[in-house]
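Q: I would like to learn how to read aromatic pairs and surface patches. Can we go through them on one model?

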Amino acid sequence: MKQFGKSAETDPVLKTALVIALYSGAALITGSGALFGVYSVMRDIRFGIMNITIPGIVIAMLMLFFGIRSFFSIRKLSRVLLQKTTQLSMGKTKTARLIHEGRQ
């Protein structure tokens, strides 16, 4: 398991790059939902799920919801992450503890 060095734990450039990557992912989810919504309305897309027909716009609205919710979560995370005293640490996760103890 790769561990961050001491300089990378508090590196503001690394933290900013991670936040930008997260925002990019949220933008892709939101954009995909918006484009799929327009496409499904124009082409009257419907999905058959368990003997029920669901319009494509419903799926697109779910994608939009999760994308927008991600923006708010990332904004809250970035406020904490971009503080100078915050350190990146994988040692606090359950998986990292199990690997450290020799159990997998």
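A: Start with a rule. Rings of Phe, Tyr and Trp (its six-membered ring) pair if their centres lie within 6.5 Å; planes under 30 degrees apart are stacked, over 60 edge-to-face, and the rest tilted. The model is predicted, so local features need pLDDT of at least 70 and side-chain atom pairs 80 or more, while totals for chains, interfaces and linings use all residues. Residues count from 1 along each chain as its sequence is written, and side-chain values use heavy atoms, without hydrogens and water.

Q: How many aromatic pairs does the rule give?

A: The count is three. One is Phe36 with Phe47: centres 6.1 Å apart, planes at 35°, so tilted. Phe36 lies in helix H2 and Phe47 in strand S1 (residues 46–49), so the pair ties together parts 11 residues apart in sequence. Helices (H or I, at least four residues) and strands (E, at least two) are DSSP runs, numbered from the N terminus.

Q: What are the ring centre distance and plane angle for Phe65 and Phe66?

A: The centres are 5.3 Å apart and the planes at 65°, so this pair is edge-to-face.

Q: Which residues make the nonpolar surface patch?

A: Nonpolar side chains (Val, Leu, Ile, Met, Phe, Trp, Tyr) are joined within 5 Å, like charges within 9 Å. Here Ile29, Val41, Ile57, Val58, Met61, Leu62, Phe65 and Phe66 make about 700 Å². H2 (12–43) and H3 (56–81) each give two or more residues. H3 gives the most, six.

Methods
Patches are made of residues with over 30% relative accessible area and no salt bridge: like charges are joined within 9 Å, nonpolar side chains (Val, Leu, Ile, Met, Phe, Trp, Tyr) within 5 Å. Accessible areas come from the Shrake-Rupley method with a 1.4 Å probe; for residues, only the protein chains shown count as cover. A salt bridge is a side-chain nitrogen of Lys or Arg within 4 Å of a carboxyl oxygen of Asp or Glu.
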